[in-house]
Amino acid sequence: MIYTITTNPSLDYTVETELIPGQVNRTRSEVIYPGGKGINVSISLQRLGQETRVLGFAAGRIGQTIRDLLDDLGCSHTLLELSGGGQSRINVKFRGAVETAVNGRGPDLGEADMAKLLELLREVGTEDAVVLSGWAQSIPFYVSILQQVVATGCMTVLDCTGESLWQCLGCRPFLVKPNLMELGALFGVEDLDETEGVELARQLQHEGARNVLVSMGRQGAFLLTEEQELYFANACIGQVRNTVGAGDSLVAGFLTGLRQSGDFGRALQMGVAAGCATAFDDWLGTRENTLALLEQIRVEKA
């Protein structure tokens, strides 16, 4: 089982419009999806044939709608009702000449809520994987989650940024997945190239990361393994329609490839294919589109 943790899920209200500030804007199309990085990973995993379950929190009627949408998709979940009440957040995504997003803050987590999620995670076993991704409302809570699941010997994946990532590296996660810009921001460096990115990935390993997967948008991705093996993969050629969730699909594809083959190169190939499938789609990429893109991706070992 691959568990994903989304502490602050959302309804993503996505509209297509040319957004003009100061005017009433009309949409050309609109759709509502369940949102949150962990949820995106689980839906992508499910589409790739992996057994997965979303864990996290939801609040109020908006939270119940998130659960209902996951049920409609057949995506297994346990989203605990927050004790403090309130409503889960709504994110608004504008698609036009330029992508724009307004993300809600969401309700606060209480100590009792955190304890309930840690109790849920007691079912995690050695053969499982846990993906912890997204903005941390409580960095100590993220650390507590990782400390508990790492003790089981399961695989841990961390996809967060800034201080959240720094504080969690001491738990020695199996995989961390920044993009190139996020990796540079961790070290106060702008406009990284691949060579600089690899060196900073090594710095993350010195701080505790075991394997580092770095997405680079149109330039593809690279993977630096715990054994200091370095793999590069190109991105596919296609029309980018959507960037939301592409990194989450990359994580899902990577885990799928690794579980199916046990080979890091194959895992990277599957991950980049899944990420590109999402970038070329209106939402999260399908299994069929992911498999169709595999042959475009060349993985080279440096």
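Predicted model: local features only at pLDDT ≥ 70, side-chain atom pairs only at ≥ 80, totals over all residues.
Mentor: Ala, Val, Leu, Ile, Met, Phe, Trp, Tyr, Cys and Pro count as nonpolar, Asp, Glu, Lys and Arg as charged, and the others, Gly among them, as polar.

Trainee: How do the residues of the lining of the second largest pocket divide into nonpolar, polar and charged?

Mentor: There are 8 charged, 6 nonpolar and 4 polar residues in that lining. The lining has 18 residues in total, and E16, R95, G96, R241 and D282 lie nearest the pocket centre. The space in this pocket is about 340 Å³.

Trainee: Which strands each supply at least two residues of that lining?

Mentor: Strands β2 (10-16) and β3 (29-35) do. The largest share, 4 residues, comes from β3.

Trainee: What is the order of the sheet that holds β3 and β2?

Mentor: It is an open sheet of 4 strands, β3-β2-β6-β7, with mixed pairing. At its edges stand β3 and β7 (100-102), each pairing on one side only. On average, neighbouring strands here are turned by 20 degrees against each other, direction ignored.

Trainee: How many bridges join β6 to β7?

Mentor: Strand β6 (residues 89-95) is joined to β7 by 3 bridges, and the two run antiparallel. Within β7, A101 is the residue opposite K93. Helix α2 (residues 60-73) packs on this sheet and touches β2, β3 and β6, its direction making about 95 degrees with that of β3.

Trainee: Which sheet has 10 strands, and what is its order?

Mentor: That open sheet runs β5-β4-β1-β8-β9-β10-β11-β12-β13-β14, again with mixed pairing. Its edge strands, β5 (77-81) and β14 (299-301), have a single partner strand each, so one side of each is left without a neighbour in the sheet.

Trainee: In which sense do β4 and β5 pair, parallel or antiparallel?

Mentor: Strand β4 (residues 52-58) pairs with β5 in the parallel sense over 5 bridges.

Trainee: What lies across β4 and β5?

Mentor: Helix α2 does, running at about 175 degrees to β5. Helix α3 (residues 111-120) also packs on the sheet, touching β1 (2-6), β4 and β5, and its direction makes about 165 degrees with that of β4.

How values were computed: Residues numbered from 1 in each chain as written. Heavy atoms only, no water. 1 Å grid on protein atoms, 1.4 Å probe; cavity = no way out; pocket = protein on both sides within 12 Å on 5 of 7 lines; lining within 4 Å. Points joined across faces, edges and corners; volume = space filled by probe spheres on them. Pairing = 2+ DSSP bridges. Axes fitted to C-alpha atoms, helices over the stretch in contact; angles between N-to-C directions. Contact = heavy atoms within 4.5 Å.
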